Amino acid sequence: MAPALGVLALLGTSKGLFLLRGDDDRRRWRTEGPLLVGWGVYHAIADPRDGTLYAAANHLVYGATVQRSTDGGQTWRRSKQIGLPEESGLTLNATWHIEPGRPEDPATLYLGAAPGVLFRSGDGGETWDVNRGILEHPTRAGWFPGAGGMSCHSVQLDPRARDRMYVGITAAGVFRSDDGGETWIPVNKNVEADFLADPYSEVGQCPHKLLLHPARPERLWQQNHFGVYRSDDHGDSWVRLDGNGLPSGFGFPLMLDPKDPDTAFVIPERSAEYHYSAGGRLAVYRTRDAGDTWEAMTDGLPEQAWAAVLREASAFDSDSLYFGTQGGSFFALTESDMWVEAIRHLPPILSVEVTPWSG
Amino acid sequence: MVGVIVTGMLAAQAEGRRRFDVEAETVGEALRALPVWDLLFNERGELHRHLNVYVDGTDHRERGGLQAPVAGAREIRVVAMVSGG
């Protein structure tokens, strides 16, 4: 493989996919796109196993699908056979998140979708089979779709336990499987759901983003509708972390430092009723002590902003952080914790992923 | 044989082709013969609700819906509804 020249950012927007190539220092960026013109790209990835691009593509008229490209985005093919069985009484509303399978399963991918469903592909995204354990979960009657629908937006695979995986579903909660996805147990203990009659019920919580730390996979981080949480026991219990420096517990994006399990980043919004930057100041907040304290990272960000950063619209790698706003600005963190606005005036940015770029 | 005309994004998903001549007895069969049929129907086989389908200028619903025969028809047009934004 050629040495990396920089970073490739895949920006899913409401009007298509943009590819931005940044130099090593992430100060200069070159823009390509839009690809998949007209599609709302809720999430797009470059599969680290073979470089194939996948896009969760949605359209008001033409529905929900997954598109894939093996030539860097020049040509695309739609998935076949993606839908829900008739007996479920449900139909596919939207495709939300594409997660590559394990390195030893090169043709496997997972797809989180609405209404609160998970798919698996065993043929590189040509066809998708719904996960019955989630579709027919005995608690499904206690899941209540919120304003954003009921999306399965987070799919996390434990790198050290082949049969362990997690999903996060809005208005349903976090679920863990210890048997390769056959059965799922709710893991929402101590996570608040203030809109329910019982705010600490078994299910019905509203995770906005769930991430597992790759170097310490028993540690999970969760940006929830009601606060920021951490679990150190595979989700069996959670600790709320949004005191001590965070202006609000409400937000959507979540980023980690692959080298340090105690570091995490969130972008708070004022509240669930006011989806914009807390205090009219766009800021990324960092903890370096596992959530005990938080500090704002604002250098290079606009001093006045009423921005919204959506749940898929942030990314991280071992060197940096990246996020995009609904206003169409894309920011990357450079040396000395300085943010650089790589581009502005894109369509609303729905998703951000990054991968090394080698030309 | 009936001609089916698709526009904009559907044509883009069909390598730029806008017209397809297909063998079909009904409107539904004609639509399902298209290479973009999966963008027209949900998994129940129901036409996406923001699509209009015209048979020689008449809304296909007025001719009996997807079961309407296309014998003698000249052209089917598939058009996205005007839905704001």
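How many helices and strands are there in chain B? Chain B has 2 helices and 5 strands, where helices (H or I, at least four residues) and strands (E, at least two) are DSSP runs numbered from the N terminus.

The model shown in these views is predicted: local features need pLDDT of at least 70, side-chain atom pairs count only at pLDDT 80 or more, and totals for chains, interfaces and linings use all residues. Residues are numbered from 1 along each chain as its sequence is written, while chains are lettered from A and ligands numbered from 1 in the order in which they are written.

**View 1. Fold and dimensions of chain B.** Starting at the N terminus, the elements of chain B follow the order β-α-β-α-β-β-β. The C-alpha trace of chain B spans about 35 × 25 × 25 Å along its principal axes. Chain B has a radius of gyration of 12 Å, in agreement with the value near 12 Å for a compact globule with 85 residues; the radius is taken over C-alpha atoms, and the globule rule is 2.2 Å times the number of residues to the power 0.38. Of the contacts in chain B with a separation of 6 or more, 52% are between residues 24 or more positions apart; a contact requires C-beta atoms, placed from the backbone, to lie within 7 Å.

**View 2. The contact between chains A and B.** Here 12 residues of chain B are in contact with 12 residues of chain A. The side of chain B that touches chain A has 5 nonpolar, 4 polar and 3 charged residues. In this classification, Ala, Val, Leu, Ile, Met, Phe, Trp, Tyr, Cys and Pro count as nonpolar, Asp, Glu, Lys and Arg as charged, and the others, Gly among them, as polar.

View 3. Phe119(A) belongs to strand E10 (residues 117-121) of chain A. Phe119(A) is buried because 28 other C-beta atoms lie within 10 Å; a residue is buried at 20 or more such atoms, exposed at 12 or fewer and partly exposed in between, with C-beta atoms placed from the backbone. Leaving aside residues up to four places away in sequence, Phe119(A) touches residues including Ile82(A), Tyr110(A), Trp128(A) and Val130(A). Cys152(A) is 33 residues from Phe119(A) in sequence, with a C-alpha to C-alpha distance of 9.9 Å.

**View 4. An open sheet in chain A.** The 4 strands have the order E4-E5-E6-E7, with antiparallel pairing; strands pair if DSSP finds at least two bridges between them. Strands E4 (40-46) and E7 (77-78) of chain A each have a single partner strand, so one side of each is left without a neighbour in the sheet. Strand E6 (residues 63-69) of chain A is joined to E7(A) by 2 bridges, and Gln67(A) stands opposite Arg78(A) in E7(A).

Conventions
Two residues are in contact if their C-beta atoms, placed from the backbone, lie within 7 Å.
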